[in-house]
2 protein chains.
Amino acid sequence: ATTKETDCLINGDYSVKCKKEGKDVYMPFSFIQRYFEVYGSMETTSDGYERFGFHHSYSDVHPLPERYSPDGVFMMFDSYNVEERGRVKCISAIEGVPVSTQWTSGGHYYPIQIAQFGLSHYSKYLTEHKPRIIVLEDGEGNDLSEWLLPDRISQIRTKTDRINEENNIVEFNTPENIKNPGVTLSVDEAKLVTLTLDVKFINNGSVTVLLRTGDGNLFRIHYILSDSLIYLEGRDLFYGLGSEKKNKWIHLSRKVMVDFQKGLSLKMTKNKRAKFKSVARIAAVCFRGHGFFDNVSLSSAAHLDNFFDAANYLVRRQDHRGGWPIMVTRKLVPEMLELSPGWYSAMGQGQAISLLVRAFLKTKDQKYLDTASKALKIFEIDSAHGGVLAKFAGKFDWYEEYPTTPSSFVLNGFIYSLMGLYDLKQTASGETAEHANRLYNAGMDSLRHMLLMFDSGSGTFYDLKHITLGIAPNRARWDYHTVHINQLLILSLIDKDPLFANTAKRWMEYMKGKRSPHN
Amino acid sequence: ATTKETDCLINGDYSVKCKKEGKDVYMPFSFIQRYFEVYGSMETTSDGYERFGFHHSYSDVHPLPERYSPDGVFMMFDSYNVEERGRVKCISAIEGVPVSTQWTSGGHYYPIQIAQFGLSHYSKYLTEHKPRIIVLEDGEGNDLSEWLLPDRISQIRTKTDRINEENNIVEFNTPENIKNPGVTLSVDEAKLVTLTLDVKFINNGSVTVLLRTGDGNLFRIHYILSDSLIYLEGRDLFYGLGSEKKNKWIHLSRKVMVDFQKGLSLKMTKNKRAKFKSVARIAAVCFRGHGFFDNVSLSSAAHLDNFFDAANYLVRRQDHRGGWPIMVTRKLVPEMLELSPGWYSAMGQGQAISLLVRAFLKTKDQKYLDTASKALKIFEIDSAHGGVLAKFAGKFDWYEEYPTTPSSFVLNGFIYSLMGLYDLKQTASGETAEHANRLYNAGMDSLRHMLLMFDSGSGTFYDLKHITLGIAPNRARWDYHTVHINQLLILSLIDKDPLFANTAKRWMEYMKGKRSPHN
Ligand SMILES: [Ca+2]
Ligand SMILES: [Ca+2]
C-alpha cells in the first residue's frame, strides 16, 4: 500500500499534515503530544530493537511498604533528594538544614522543606545499606604523622577528651588567616564524599575541604565562624557555621559535593555546573586556628546526622504559638489569594510532627514529643486568625497547606498534616494523644466526604480553589498526582475504609489513560 | 523520505503499528480515537477536496437568542424533536402527550418528557415559519360530494353548530364496524402530514387515516374510543382516544407519520422502519359510526395544539401535592441509589412550570398559573420525605432531578428547575412570586457555590454522586456538556454574575480540546 499525505482539519480550526494508507489515517506524534499532553520518544530495547515508547504520564508510582508505622519509612521519601533540588539554595552550615529559594531568591527557612529533608534522610537510613565509612582521624592512634603542618609555629597533638576520658581528641594550633593552609590531611576520594567531624574552636578558626576539579586545579570549601550563609570568591566557597559557635563542640556533617554544587550555582548555569561536579574529588581536609577535633570521617552517607539536624532545628526554632512561621509572601492567585510573611502551614506543622515523632521514637528524648505536642495548637486556629484551620461549606475541618482566605484546600498538604496527626496520636499518650486523635478524626471525616472533589475523571485537582473562587480548576501535574496516589495508599494501610484503596487504584489507572465512565 | 513501519509501545502495555518518516512518528487514528475518545472521518469539501476532519466532540453549541423571557423560546428546544426519539413509545391519543419507555418498556407518562414535548413545540411555534395548511373539510360549502359513502344506509350532511350558529359542522352516520370503510375523503399527500380535526361521536365511532406505503399497499391508522394506548394488527394500527370521550368534542391533532412510525416500532427493526416511512403518503381520511366532525386539515405542523395538549395534561394530572409523580423505578446506581415509583423530579416540576407559565402568558387563563404555583410545594419537601430538596454539606439547597438518598446533585436538572422558578417569579405576583423568588434565590446561591464542582478541567460531570458515594465520577457525555453550556448561557442573560458567562466560555473551549491549567 502506498502512503500519501493528507490534510487533517483540527476542530475546524487549523490543519495538520497527516499520512493516509488505504483507509487508515496516521497523525503525527508532534501534534498528539501537544494536543493531548502525552509523552513519547524512540527507545532502544536491551536487545537493540528500536521502537517508539508512548507514555501517558511522565511520572510513576513506586511500590510502598506494606505497613505504615510512625517510626518507619515516611511514604516514598527514601527516594527524595531534597538538598539536590534546584530550589534549595544550600544546606545551612549554621542550622544543618536546607535554605529554600521558593518564592524568594534571597532564601528562607521553609519548615516543609526542612521536615522533608529530615524525613527523607530518616527513610534512607532505614532502607539503604549501611553507609561505607573511612575514619580519617579519631585521635586514638597517637600517630599524627600524615597531617602536614603549614609552618614551624603550627602544632598538632592528641589529647584526652575531658568529657570522656576513654577518648582522645586532636588539638591543632595554626594561624587563623584563611590564606594559611592549616593542618592538612591529604586524601583522594570521589565516592565517599560525606564529611563528618567534631570540632571546637578556641579562637576564630575554620575547616576547609580541598577539592580537585576536572581541570586539575584546586577548589576550596571553607566552613567559618560567621553568620553568612554562603558566598563564593573565585575558587573559594564559604559556609558560615555561626558566629556564636566559638568554644562549643560542633558536629559537622556535610555532603561535600552538594556544598560544592550549591556554591557553583551561585554563579554558573546548570550545564556548566554538572560538568564541573562530575569530575571533582576530595583532595584534603584542613583545620586552622586553635581548637580540637575528633572523628573526622568520609562516608557514603550520614542520614541520621541530617535527620537530627532537622529535628533539632525544629525544636530550637518553634515559636511561642507552637509553629514554624514562613517568612515569605505566598501568592497562590496574585491579588486574590495571598499570604503575608509569618503564615503557618498545616503541612509544615504535620511533617514537622512526623519528623519529631520519629526523633522521639529513635532517642526516647521527651523534648521531641513535647515539641510535636505544642505544634497541635495551630490546627485549631482559623486561617483568618493566623492559624491553618479552614471549614468547607462551614462544616468540614480542613488543615490548610496555604491558609488563604477564601480557602484553597490543597489536597496533598492536608493529607500530610493528617499523617503527622496520626503519627502523634499513635505515639503519644494522655492529653496529647487525645488532642491529636480529635484533630485526626475530624480531618479524616472531612477527607472521606471531600476526597472525590479532587477526582477529575482523568486525573486529580491540586486544590479546590476553583470552587471557592469560581475559576478554572488547577489540574495536578503528574508528579503531584503520584503524590496523591501514594498518600491514599498510606491511608489505606491505616484506615479500613475501602475508599482510599479503591480511589488510589482508579487514580493509578488514570496514569495509563483510562478515564472514569461517562453517562 | 521513505515511510517505515515502527512499533509503538503504549504505556508499556501493548503495541500499536505506527509509521516513521525521518524523525517523525505517525500514530494510527484508529488508536487515537479509541484511546482519547475523539472523532474523525474523511470529509469532502464543497470544492471536491478530500481531507480528514478531526473532532474533539461530536456535539456543537448552537447560538442562543440574545435575551431570555418567560414567554420566549425555551433554550435550544426549538431544535428538539421529542416525539421522534426512540424512547418515546408513541404520542398518546388519549392525552395528546408522549409516553416514555425510559426505564420501563411498558411505557409511562414522564412529566419531563411531556414538558419538553410542549416546550419544544412552543419554541418551534415561535421560531418556525407559519405552517402550511390545507383545509380538507370545514362543512361551510354544503358540497360534500367528494366524500365517498361505504353503502346505501350510510349518510353524510352539513349541519349548524349548536354552540356557534355561524359555524357548520358535518354529521356522519355509518356502521360502527372497523371493517366498514366509513365516510371517506381521498387525498394524496406526503408533505403536509399533520392531521387536525374536531370530532364528536354519538356512538362507538372511529377515525381512520389510510396510508399508501412504498409497496403500493394500504396501511390503516385507526383512532378509536378505547383506553388502549396503541396496538398493531397486521396493517391495522390502533390508537385509543379514551373510552370516556363519547358525546364530547375531541380536538385531534396528530403527526401522522410519527404515529405510523411508532406503530411500526412495535414490530420492526429501526432500519426496516426507516425504509417503510420514507415512502408513505396519506391516501384518505375516514369517519365511521355516528357523530359530527369539523375543521379537517392537513398541515406542516400544529405546534400550538401539541403545546396545549401538554399544558392541559399537566393541569389535569397534577396531584394533591402539586406534583407529577413518576411511576417507574429509577436506578441511578443499582442497589445504592434507587427511587421507587411515585417519586417527583425537580426538573419535571420546573419544566412543567416553564410550560405552564408560557401557556398562561399565551392565553391569560389563570388555571395555568394556579397549576404552576401549586407545583412549588414539592421544592420545599426533603428528598427523604418524598420531595425534591437536597442539601449539599447540610448547607446548600439543591432541587434534585432524581431525589435519591444520598443525593445525586444532577446539574442540568437543577438548572432546569431554576429556570422554571425564574419563569414563575417573573410572571406571577403576590405570594406566588415571593415563593418562587425565595426558592430561586436559594438555588442560585447554591449554584454559585457549587458550579465549579462540575468542572473536570476538560469537560463536566453529569452529577456529584462520586462525592456523595465515593465512587468514580460520572463524566457528562458531550451532548450533556452542551446542555450545561446552553444553560449557563441562559443564566448569563438573567443574572449579572460573570461566573456564568466565564464558565460557559471555558466549557466551550473544552469542546475543542483545551484544558484548564495545571500546577
Ligand atoms: Ca577520638
Ligand atoms: Ca365548520
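**Exercise 1.** In this predicted model, does Asn167(A) count as buried or exposed?

*Solution.* Step 1: the relative accessibility of Asn167(A) is 15%. Step 2: buried means under 20% relative accessible area. Step 3: Asn167(A) therefore counts as buried.

**Exercise 2.** Which protein atoms are the donors of the calcium ion (ligand 1), and which parts of chain A do Glu140(A) and Asn167(A) link?

*Solution.* Step 2: Glu140(A) sits in the loop between β8 (133–137) and β9 (147–148), and Asn167(A) in the loop between β10 (155–160) and β11 (168–173). Step 3: the pair is 27 residues apart and links distant parts of the chain. Step 4: Glu140(A) has a relative accessible area of 35% and is partly exposed.

**Exercise 3.** Why is the arrangement of the six donor atoms around the calcium ion (ligand 2) irregular?

*Solution.* Step 1: the angles subtended by the six donor atoms run from 51 to 153°. Step 2: six donors count as octahedral if opposite donors are over 155 degrees apart and all others between 65 and 115.

**Exercise 4.** Which parts of chain B do Asp138(B) and Asn168(B) tie together?

*Solution.* Step 1: both residues are among the protein donors of the calcium ion (ligand 2). Step 2: Asp138(B) lies in the loop between β8 (133–137) and β9 (147–148), and Asn168(B) in strand β11 (residues 168–173), so parts 30 residues apart in sequence are tied together. Step 3: Asp138(B) is partly exposed at 27% relative accessible area, while Asn168(B) is buried at 18%.

Note on methods: Residues numbered from 1 in each chain as written. Chains lettered and ligands numbered in written order. Predicted model: local features only at pLDDT ≥ 70, side-chain atom pairs only at ≥ 80, totals over all residues. Heavy atoms only, no water. Helix = DSSP H or I, 4+ residues; strand = E, 2+ residues; numbered from the N terminus. Buried < 20%, exposed > 50% of the residue type's maximum accessible area, 1.4 Å probe, protein only. Donors = N, O, S within 2.8 Å, 3.2 Å for Na, K, Ca; no water. Tetrahedral: all angles 85-135°; square planar, octahedral: opposite > 155°, others 65-115°.
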